[in-house]
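Please look over the sequence and the model below.

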Amino acid sequence: MGTRLIAMTAGVVAIAVIAAGCGSSSNDTTSALTKAEFISQGDAICEKGNKEIETGFEAFMKENGIKGEPSKAEGVELSETVLIPSVKNQSEELQALGAPSGEEGEISAMLDALDEGVEEAEEDPEALLASESDPFGPANKMATEYGLKVCGRE
């Protein structure tokens, strides 16, 4: 379960980054990013988030004396206290980037998929632990199809 949870976390982080970056602000006074700039900055946000999640997982495991795979209850707690809050934070950072001109629809769709994944994960954190379920799968797929290399990677 630990490896799966870490892989899901990385995927979630990547999706969150993509989804967050996809939105645009109507009162943004800066020029829009190009697609290449969005991908570069979005992947940097995801990389930072992935490291924060990994560090949070390691700290949780150490603080709770967990060696090997966490139990289902511990996996749920990790999801609720480390993974989901980090994904939300990354989403906010990506949202602040704004969408490249002409890419608003695609970015919006990724963001919607991410939001749905976050809601599902909050309602049922065990879904992140199940091998047959990935609430962030659709957002991850959209992110990688868009061209993100860190975001959306599982």
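Phe 60 touches Ile 66, Glu 74, Glu 77 and Leu 78, leaving aside residues up to four places away in sequence. Contact here means heavy atoms within 4.5 Å. Phe 60 sits in helix α2. Helices are DSSP runs of H or I with at least four residues, numbered from the N terminus. Phe 60 counts as buried because its relative accessibility is 8%. Buried means under 20% relative accessible area, exposed over 50%, and partly exposed in between, with a 1.4 Å probe and protein chains only. Between the C-alpha atoms of Phe 60 and Leu 78 there are 7.4 Å, and the two are 18 residues apart along the chain.

This is a predicted model: local features need pLDDT of at least 70, side-chain atom pairs count only at pLDDT 80 or more, and totals for chains, interfaces and linings use all residues. Residues are numbered from 1 along each chain as its sequence is written, and side-chain values use heavy atoms, with hydrogens and water left out.

**Cores**

The largest nonpolar core has 17 residues. Phe 57, Leu 78, Leu 83, Leu 114, Val 118, Leu 128 and Phe 136 touch the most other members. Such a core is a set of buried Ala, Val, Leu, Ile, Met, Phe, Trp, Tyr and Cys residues joined through side-chain atoms within 4.5 Å.

The largest share, five residues, comes from α3. A second, separate core holds 15 residues, including Ile 45, Cys 46, Ile 107 and Met 110.

**Helix α4**

α4 has 20 residues and reaches 28 Å from its first C-alpha to its last. That is close to the 28 Å expected at 1.5 Å a residue. The expected span is 1.5 Å times one less than the number of residues. Its buried residues include Ile 107, Met 110, Leu 114 and Val 118. Seen down the axis, the buried residues of α4 fall within an arc of 160 degrees, so they line one face of the helix. The arc is that of the directions from the helix axis to the C-beta atoms. On the other side of α4, Gly 105, Glu 116 and Glu 123 are exposed.

**Disulfide**

How many disulfides are there? The count is one, taking a disulfide as a pair of cysteine sulfur atoms within 2.5 Å. Cys 46 and Cys 151 form it, with sulfur atoms 1.7 Å apart. The link is right-handed, at 105 degrees about the S-S bond. Cys 46 is in helix α2 and Cys 151 in the segment after α5 (137–146), 105 residues apart. Both cysteines, Cys 46 and Cys 151, are buried.

Definitions and conventions: Helices (H or I, at least four residues) and strands (E, at least two) are DSSP runs, numbered from the N terminus.
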